Amino acid sequence: MKRMLPWLAVAAAFAAAALTRYGLIEPEGYGFLCEAGGPWWCAPRDAVIVAFHSKAIGWFALAAGVAAFVARHRPTATLAAIIGAFGLVLYNYELSAVGFALGILVLARPARTHAASTGTA
């Protein structure tokens with residue numbers, strides 16, 4: 001079950017990103033409502049829009065993916081895959097795809113055992 005947690009987190013990230021995109025960002029009426037100083041959720045919605053316009057999501061996914069790939073660090077790989085999933089759904093697919101792929105490559109590898117990582121048998 002422990003090996004499944006990163007994959008479940010990535011699946012949840014795809015679902016959350018889809019809900020954000022199709023439930024909060026794309027409805028045209030919400031844009032008009034937020035322009036008029038709408039409800040509390042307009043500020044987080046605007047922050048997500050700024051993040052994907054500035055490609056911050058993609059750059060973050062790429063940085064995490066490179067770090068995870070170089071260090072072969074599974075928690076960082078999970079982060080890269082999660083942020084990459086958000087970027088793929090939220091319009092930052094160029095950079096996010098690379099970060100996502102690097103994270104998935106690290107997660108797909110078998111976990112190193114302590115003996116294998118220290119060189120002892």
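This is a predicted model: local features need pLDDT of at least 70, side-chain atom pairs count only at pLDDT 80 or more; totals for chains, interfaces and linings use all residues.
The structure holds 3 aromatic pairs. A pair of aromatic rings is described by the distance of the centres and the angle of the planes. In one of the pairs, the ring centres of F14 and F100 lie 5.7 Å apart and the ring planes meet at 75°; because planes over 60 degrees apart count as edge-to-face, this pair is assigned to that class. F14 is partly exposed, its relative accessible area being 30%, whereas F100, at 18% relative accessibility, counts as buried.

Another pair is formed by F52 and Y91, with ring centres 4.7 Å apart and planes at 50°, so that the arrangement is tilted. F52 is located in helix α3 (residues 42-53), while Y91 is in the loop between α5 (74-89) and α6; the pair therefore ties together parts that are 39 residues apart in sequence. With a relative accessibility of 11%, F52 counts as buried. Y91 is partly exposed, with a relative accessible area of 27%.

Helix α6 also contains S96. This residue has a relative accessibility of 0% and, because buried means under 20%, S96 is counted as buried. The side chain of S96 reaches the backbone oxygen of N92 at a distance of 2.7 Å. When residues up to four places away in sequence are not counted, S96 touches I57, G58, A61, G84, G87 and L88.

Helix α1 was examined along its length and around its axis. At 1.5 Å a residue, the 21 residues of α1 should span 30 Å, and the end C-alpha atoms are 28 Å apart, which agrees with that expectation. The buried residues of α1 are P6, V10, A13, A17, T20, R21 and I25. These residues cover an arc of only 90° around the axis, and they are therefore on the same side of α1. An α-helix has 3.6 residues a turn, so residues three or four places apart point the same way. On the other side of α1, L19 and Y22 are exposed. The elements that cover the buried residues of α1 include α3, α5 and α6.

Notes:
Residues are numbered from 1 along each chain as its sequence is written. Side-chain values use heavy atoms; hydrogens and water are left out. Rings of Phe, Tyr and Trp (its six-membered ring) pair if their centres lie within 6.5 Å; planes under 30 degrees apart count as stacked, over 60 as edge-to-face and the rest as tilted. Buried means under 20% relative accessible area, exposed over 50%, partly exposed in between (1.4 Å probe, protein chains only). Helices (H or I, at least four residues) and strands (E, at least two) are DSSP runs, numbered from the N terminus. A polar contact is a pair of N or O atoms within 3.5 Å; within protein, one must be able to donate a hydrogen and the other to accept it, and residues adjacent in sequence count only if both atoms are side-chain atoms. Contact means heavy atoms within 4.5 Å. The expected span of a helix is 1.5 Å times one less than its number of residues. The arc is that of the directions from the helix axis to the C-beta atoms.
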